[in-house]
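Grab a pencil and keep the viewer open.

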Amino acid sequence: MTIKIGDRIPNVTIAIMTSDGPTELITDEIFANKKVVLFALPGAYTRTCSAAHLPGYVVHHDAIVEKGVDAIACLSVNDAFVMAAWGKAQNVEKNILMLADGSGAFTEAVGLELDLTARHMGVRSQRYAMIVDDGVVTHLNVEQGANFEVSDAETILRLL
C-alpha cells in the first residue's frame, strides 16, 4: 500500500556514509521532531537524477531551509558508498543527507517501488518528493511515468 498524506513514515533501517564508513540509521532519527523534505529517485548517476533532480535541491537548499525545514534528504536504492560518491560529485557537501536504501526496505515500506528489471536496474524507487513534519507526511508528489514535473525543488519550495 502506498503511503499517503497523513500517514507516519515507517520506522525502517537505512544507511548513510560517515567518516567511519557506512552507518545504519532508523528513519525515526531523521524524521522525529523535525520538518524534513525527502526526495527519492530511481538511481544515483542516472540522467534526470544527476542533471536536474539532485542539483535543484543543492541550488535551492538555503531557500528551502529558510521556510523552516530542518533537513533535506535524498534517498535512492543504492548503497552508502555510491550515495556518498554521488553527493561529492554533485557538491552536496553537508547540505543534503544522502540516504542509502540499498535493500529497498524503505522504498517497499512506503509502497513506492519501481520495477526496472527489464532495463537491468532491478527494483528501484519511483521519483517523488514529500514534506514530512514530525514523522507525518504533509505533502506527497509522485511523478507519473518518466516525468519530472512535481518532485523538483522549485515545486516543493512553493508548497512550503
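A residue counts as buried under 20% relative accessible area, as exposed over 50%, and as partly exposed in between, using a 1.4 Å probe and protein chains only. This is a predicted model, so local features need pLDDT of at least 70 and side-chain atom pairs count only at pLDDT 80 or more, while totals for chains, interfaces and linings use all residues. Residues are numbered from 1 along each chain as its sequence is written, and side-chain values use heavy atoms, with hydrogens and water left out.

**Exercise 1. Work out how many disulfides there are, and why Cys49 is in none.**

Step 1: Start with the rule, which takes a disulfide to be a pair of cysteine sulfur atoms within 2.5 Å.

Step 2: Look at Cys49. The closest cysteine sulfur to its own belongs to Cys74 and is 7.9 Å away, too far for a bond. Cys74 is in no disulfide either, with Cys49 holding its nearest cysteine sulfur.

Step 3: Count up, and you get zero disulfides.

Step 4: Check the surroundings while you're there. Cys49 is buried, at a relative accessible area of 0%, and Cys74 is buried with a value of 0%.

**Exercise 2. Find which strands pair with strand E3, and in which direction each pair runs.**

Step 1: Strands (E, at least two residues) and helices (H or I, at least four) are DSSP runs, numbered from the N terminus. Two strands pair if DSSP finds at least two bridges between them.

Step 2: Take E8 (residues 128–133): six bridges join it to E3, and the two run antiparallel. Val37 has Ile131 as its bridge partner in E8.

Step 3: Now take E4 (residues 71–76), which is joined to E3 by six bridges and runs parallel to it. Here Phe39 stands opposite Cys74.

Step 4: Finish with burial. In E3 (residues 35–41), six of the seven residues are buried, so the strand is largely enclosed by the rest of the structure.

**Exercise 3. Count the aromatic pairs, then classify each one.**

Step 1: Rings of Phe, Tyr and Trp (its six-membered ring) pair if their centres lie within 6.5 Å; planes under 30 degrees apart count as stacked, over 60 as edge-to-face and the rest as tilted. That gives two pairs.

Step 2: For Phe39 and Tyr57, the ring centres are 3.9 Å apart and the planes are at 5°, so this pair is stacked. Phe39 sits in strand E3 and Tyr57 in helix H2, 18 residues apart, so the pair links distant parts of the chain. Both Phe39 and Tyr57 are buried.

Step 3: For Tyr45 and Trp86, the centres are 6.3 Å apart with planes at 50°, so the pair is tilted. Tyr45 is in the loop between E3 and H2, and Trp86 is in helix H4, so parts 41 residues apart in sequence are tied together.
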